[in-house]
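Please examine the sequence and the three-dimensional structure shown below. The paragraphs that follow lead through selected parts of the chain.

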Amino acid sequence: MMTTKKSMLMVAIVSGLMLGACSQDKPSTPAATTAVAPAAMPDAAALKAAADDGKEWLTYGRDYAETRFSPLKAITADNVKDLGVAWSFDTDSFRGLEGTPLIHDGIIYATRPWSSVFALDARTGKKLWDFDPQVDKSMGWKACCDVVNRGVALYEGKVYVGAIDGRLIALDAKTGVQLWQVQTVDPAKSYTITGAPRIADGKVIIGQGGAELGTRGYLTAYDAKTGEQAWRFWVVPGNPADGFENPDVEKAAATWSGKWWEVGGGGDPWDTIIYDPELRTVYVGTGNGSPWSHQLRSDGKGDNLYLSSIVALNVDDGRVKWHYQTTPADNWDYTAVQPLMLATLTMKDGLPRKVIMQAPKNGFFYVLDRETGKLLSADPYAELNWASGVDLESGRPIETGNGRYTTAISMVMPGPTGAHNWHPMSYNPATGLVYLPTLQGTTFPYSQEKGFTHKQGTWNLGINHDAMVGIPLKPQSEYKPGTGPKTRSPGALVAWDPVKREPRWVVDYPFAINGGTLTTAGNLVFQGGADGKLRGFTADKGELVWEVDLGVGIIAPPVTFELDGKQYLSVLAGWGGSSGLIGPNSTGQYKPIGRLWTFVIGGDKNIVPVKGQPLPELTAIPFDNNKKLLAQGENVYTQHCMLCHGAGAVSGGTLADLRYAAPATYDNILNIVRHGAYTGLGMPNLGEWVTDDEVNAARNWLLSLRADLMKPKK
Ligand code: CA
């Protein structure tokens with residue numbers, strides 16, 4: 001693997017990034033309405049009843065509590081080995097599949113890259129309709145972490161999808177015909193939507209990403225029938241001189257310093273939103289600061305509410321009921337957008353508590369009383385060294401000081417990938433365990449960028465990339481030891497006991513990025529892996545009881561449903577996402593297509609894995625061996641190309657491996673890079689960011705790598 005040190009650092013940076021979107025404060029007007037009369041299901045009562053009825057999968061986390069626990073138990077640890085393919089559906093897409101399919105009335109609804117939606121007959125996989133929101137692909141670069149989509153919401157005969165360009169779109173669930181759309185962001189800014197909308201009290205709620213690109217985050221609720229804006233919660237304050245939108249924003253502003261509004265502030269809530277209909281409360285997990293450096297964002301002062309927080313909002317008006325900030329004065333891209341889940345736990349004092357749980361990036365597993373926001377416990381679920389624990393009285397982390405980097409480098413764990421990212425966890429009430437996909441040992445060298453200035457619309461991390469290049473990466477054992485379970489592998493499935501506050505069992509993986517989890521009353525946990533394997537474990541003990549090879553890396557969480565008395569298991573397999581584009585490819589496949597797989601007991605055991613494309617034959621193209629020119633070329637590539645085309649110019653297998661590009665592509669490289677020849681394919685026009693000379697330097701460096709590939713192997 002030809003991966004340079006600098007590239008490795010960038011891998012670590014980028015794998016942590018997630019997106020955001022910005023803000024118009026005026027209510028937006030729905031664009032179009034048709035005369036189609038939608039069916040009325042699923043309605044609010046059905047969503048509320050979903051927890052007890054395992055037949056369907058109606059919302060992102062299966063039910064309002066988002067525990068991803070299914071009461072179905074036809075598939076058990078004993079017969080899981082008899083699972084075979086019921087059907088599969090090729091998504092004909094090449095980028096990351098992160099979605100949770102929804103199942104209602106015999107139809108399965110799912111999304112693919114560029115926010116397109118498809119509906120299939122859940123019995124056969126036959127396509128019923130397909131909807132393409134026709135996103136302008138020239139904006140795809142704003143998506144820090146691939147043009148992924150995590151799914152739709154279903155309500156009263158409509159399907160809701162957030163498009164990567166910031167639109168919220170309502171479709172007729174029967175036909176896929178667009179009913180209305182609303183632009184939720186200022187398209188001039190670098191906002192994107194990748195998350196699934198949620199339904200709460202007749203409203204459809206969506207956030208956005210963009211905190212790496214200098215945005216101001218917010219969450220908006222729209223009338224689910226019409227798309228009219230109901231309320232907006234601002235995660236961070238704007239310029240006080242413009243007046244505060246409401247007292248919650250004013251309160252937050254007291255925790256900021258300097259001119260944060262000029263640098264965006266961040267906080268974009270790009271994933272988790274959860275609703276408790278009894279308490280009429282919407283809970284949202286908020287994003288990291290923009291830029292990352294607290295010093296550059298807020299003069300190093302104040303907690304910077306409501307960054308990196310779990311915030312409870314009144315469903316009627318979006319006003320704050322309580323908040324809990326997991327990482328005050330965020331300095332590391334420690335988002336709290338990771339999945340939230342609701343449960344009733346019998347705590348050690350023997351009393352049942354209505355809780356909300358989260359394992360955000362910062363490495364602590366939190367349990368809070370969701371009625372009051374009181375912190376009940378916070379314990380490290382992975383090794384970390386930025387804090388030694390959390391003070392349960394004040395609710396504040398006990399920082400070690402190691403994380404408050406200056407222009408000098410601090411080695412901090414976890415790094416910006418977090419110890420857990422967006423990959424959903426699940427909770428099984430029978431075992432009392434939360435099945436948590438973790439990233440282990442993501443130590444990262446942070447240092448503050450010298451001479452940082454906010455750059456409109458593009459990357460604004462406030463982190464010094466260049467300084468990191470010269471830093472030798474020592475073995476992790478040489479850094480100051482941290483708190484929490486010691487690193488054993490790059491990734492691990494941790495079965496966390498939220499009452500005893502410790503792991504019950506752990507499955508170690510030799511690769512970092514793995515899929516979300518599903519758990520069932522059949523005493524099972526299902527999870528896909530970067531290696532393309534889909535696995536089943538016993539929920540109580542973590543014993544591997546099923547494993548099949550699907551050929552393409554899996555990051556999405558599996559779902560299960562029942563039709564005609566049979567229990568099915570479905571998962572989207574498609575490699576991509578931030579780590580999938582930039583990082584190594586565990587299956588070795590080049591451009592494998594995505595596929596939605598559905599399994600059933602007695603299905604076809606002859607599972608044919610997805611096959612990628614062969615790498616093109618290489619023909620020699622001359623290049624200049626001048627060392628200075630090659631170094632410049634590598635630098636240009638690393639700054640402008642690597643996020644999508646891979647560290648060290650080694651493709652993650654998802655997008656083109658430029659070392660193998662055709663001679664005609666190299667001839668046309670200035671048109672492609674600086675004049676937008678391939679914007680229709682998602683290749684941005686970098687005309688305003690790079691010069692002809694820089695492009696030619698990158699071309700020259702790529703051709704040197706190509707020549708290396710053509711040397712006879714020793
Ligand atoms: Ca981020």
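How many bridges join S28 to strand S29 (residues 433-439)? Three bridges join them, and the two strands run antiparallel. Two strands are said to pair if DSSP finds at least two bridges between them. Strands (E, at least two residues) and helices (H or I, at least four residues) are DSSP runs, numbered from the N terminus. The model is predicted: local features need pLDDT of at least 70, side-chain atom pairs count only at pLDDT 80 or more, and totals for chains, interfaces and linings use all residues. Residues are numbered from 1 along each chain as its sequence is written, and side-chain values use heavy atoms, with hydrogens and water left out.

Strands S28 and S29 belong to an open sheet of four strands, in the order S28-S29-S31-S32, with antiparallel pairing. Strand S28 (426-428) and strand S32 (502-509) stand at the edges with a single partner strand each, so one side of each is left without a neighbour in the sheet. From one strand to the next, the twist averages 25 degrees; for such angles, axes are lines fitted to C-alpha atoms, for helices over the stretch in contact, and angles run from 0 to 180 degrees between N-to-C directions.

Within this sheet, Asn428 stands opposite Leu433 in S29. Leu433 has a relative accessibility of 0% and counts as buried. Buried means under 20% relative accessible area, exposed over 50%, and partly exposed in between (1.4 Å probe, protein chains only). Not counting residues up to four places away in sequence, Leu433 touches several residues, including Tyr427, Trp496, Arg504 and Trp505; contact means heavy atoms within 4.5 Å. Leu433 and Leu709 are 276 residues apart in sequence and 48 Å apart in space, C-alpha to C-alpha.

Attention now turns to an earlier part of the chain. Strand S4 (residues 107-112) is mostly covered, as six of its six residues are buried. In a regular strand the side chains alternate between the two faces of the sheet. In S4, Ile107, Tyr109 and Thr111 point one way, while Ile108, Ala110 and Arg112 point the other way. Strand S3 (residues 102-104) is joined to S4 by three bridges in an antiparallel arrangement, and Ile103 has Ile108 in S4 as its bridge partner. The hairpin of S3 and S4 has two residues between the strands, and Asp105 takes a positive phi near 55 degrees. S4 also runs antiparallel to strand S5 (residues 116-121), to which six bridges join it. Here Thr111 stands opposite Val117 in S5. S4 and S5 form a hairpin with three residues between them, and Trp114 in the turn has a positive phi of about 65 degrees.

Arg198 is found in strand S11 (residues 198-200). At 6% relative accessibility, Arg198 counts as buried. The side chain of Arg198 reaches the backbone oxygen of Ile273 at 3.1 Å. Among the residues that Arg198 touches, not counting those up to four places away in sequence, are Tyr60, Glu66 and Asp271.

The model also contains a calcium ion, coordinated by Glu212 (OE), Glu212 (OE), Asn288 (OD1) and Asp333 (OD), at 2.3 to 2.7 Å. Glu212 lies in the loop between strand S12 (203-206) and strand S13 (218-223), and Asn288 in the loop between strand S17 (281-285) and strand S18 (289-290), so the pair ties together parts that are 76 residues apart in sequence. Donors are N, O and S atoms within 2.8 Å of the metal (3.2 Å for Na, K and Ca); water is not among the atoms, so sites may look incomplete. Both Glu212 and Asn288 are buried.

Helix H11 (residues 692-710) has 19 residues and reaches 27 Å from its first C-alpha to its last, close to the 27 Å expected at 1.5 Å a residue; the expected span is 1.5 Å times one less than the number of residues. The buried residues of H11 include Val695, Trp701, Leu702 and Arg706. What covers the buried residues of H11 includes helix H7 (627-640), helix H9 (663-667) and helix H10 (669-674). His675 is found in the loop between H10 and H11. His675 is exposed, with a relative accessible area of 52%, and touches Leu670 and Asn685, not counting residues up to four places away in sequence.

How values were computed: A polar contact is a pair of N or O atoms within 3.5 Å; within protein, one must be able to donate a hydrogen and the other to accept it, and residues adjacent in sequence count only if both atoms are side-chain atoms.
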